[in-house]
Amino acid sequence: MTSVFSQLKRQPADPLLRLITEFRQDPRAGKIDLGVGVYRDETGNTPVMRAVKAAERRLFEQQTSKAYLGPEGNLGFAAALKTLVTGNDERYACVQTPGGTGALRLAMEVIAHAKPGAAVWVGTPTWPNHTALLTATGLQVRPYRYLTQASVDFPAMLAALQTAAPGDIVLLHGCCHNPSGIDLAPAEWATLAALLQERKLLPLIDLAYQGLGSGFADDARPALQLLEHCGEGFLAYSCDKNFALYRERVGALFIRARDPDTAETVFSNALTAARTNWSMPPDHGAALVQIILDDNALRTDWQAELNTMRNRIDGLRQAVAAAAPNLGFLAQQKGLFSLLPISPDAVAQLKTRYGIYMAASGRINAAGFTLEAIPHFVEAYNDVATLAPATQTA
């Protein structure tokens, strides 16, 4: 009897997630994990934030039920986050999602329902899961070049989008570009906003790292200004990084419409899509975020610790740049990630010879460094430099 599963092919493990296992099994004392994108402190730990611990204690004492909340999720969380991010702009609707990935998937589901087979313009390089999500929802991927050398290839970006058809979608990184750490300049954001409005293109902005780049308000300002200029669009938001709630999967989809009535219409379609995808999102992490944002003392402490995290990342970037002038560009980039001008062969050499782990693309998580480990990294990197490309490509 032929199995229903006989046509399935075994899928390869995600390369970044595989690195986690390989790193854990490596017995070398001086190993360095620059792979998976989580914040780490000087001890290499990904800590639970102080405000989160306090909120968990309060939730344990005060929560009276684990009953379903509905496809819209925790309404108190959505209201608090909307106030935090948008200033409670009534032209935005907000629905809780399982992480920023859930928010992206939900936006794509709504787009696919409104305009089946719609074209979505995506800069390269980008987070690999962007393309996978778009393909899974039946949307067409239209790539354009985002980077050249160590800066944004803005002319190439504009030239590509000039060919986009009205109603096409443009996927953008709100801040701390993944994988490069290279963001659009303020003037480029303004020019882009004018182009999107002129050509009637719909922005879908992935804002996953607010507070880890230039500062909390500064990190969101370009995205919000672009949405204001365009009049409508989506903002996929993650609390996983800035609240260090990675495993809790806390996110939200903000829907920006030209008026509150339209926002509610799109919101209703998002709820229908959510119901058929995950029915309703998990509440624990969202409840913690609500407690923190609704309490002035906890909110102040959370923001202080977030500032400490951002300053640590910036300090590590500066330290690597000072120790290795050929990596000086790291000091000019923002957030967790940067791309090194390094070949896959050199990446493999760093792992096997030196116990330094990173993605084959050369993407590193700058928070994976410690000040003590930087000399070892620089020595190893320079030793394999002959295997790397001659020019910096990110």
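Q: Which residue is the bridge partner of Leu-235 in β10?
A: In β10, Leu-235 is partnered by Phe-254. This is a predicted model, where local features need pLDDT of at least 70, side-chain atom pairs count only at pLDDT 80 or more, and totals for chains, interfaces and linings use all residues. Numbering starts from 1 along each chain as its sequence is written, and side-chain values use heavy atoms, with hydrogens and water left out.

Q: What makes β9 and β10 a pair?
A: Two strands pair if DSSP finds at least two bridges between them. Here 6 bridges join β9 to β10 (residues 250–256), and the two run antiparallel, so they count as paired. Strands themselves are DSSP runs (E, at least two residues), while helices are H or I runs of at least four, numbered from the N terminus.

Q: Why is the link from β8 to β9 called right-handed?
A: The chain goes from β8 through helix α8 (residues 216–230) to β9. Right-handed means that, with the strands pointing away from the viewer, the path from the first strand over the helix to the second runs clockwise, and this β-α-β crossover is right-handed.

Q: Why is β9 called largely enclosed?
A: Buried means under 20% relative accessible area (exposed is over 50%, partly exposed in between; 1.4 Å probe, protein chains only). In β9 (residues 233–238), 6 of the 6 residues are buried, so the rest of the structure largely encloses it.
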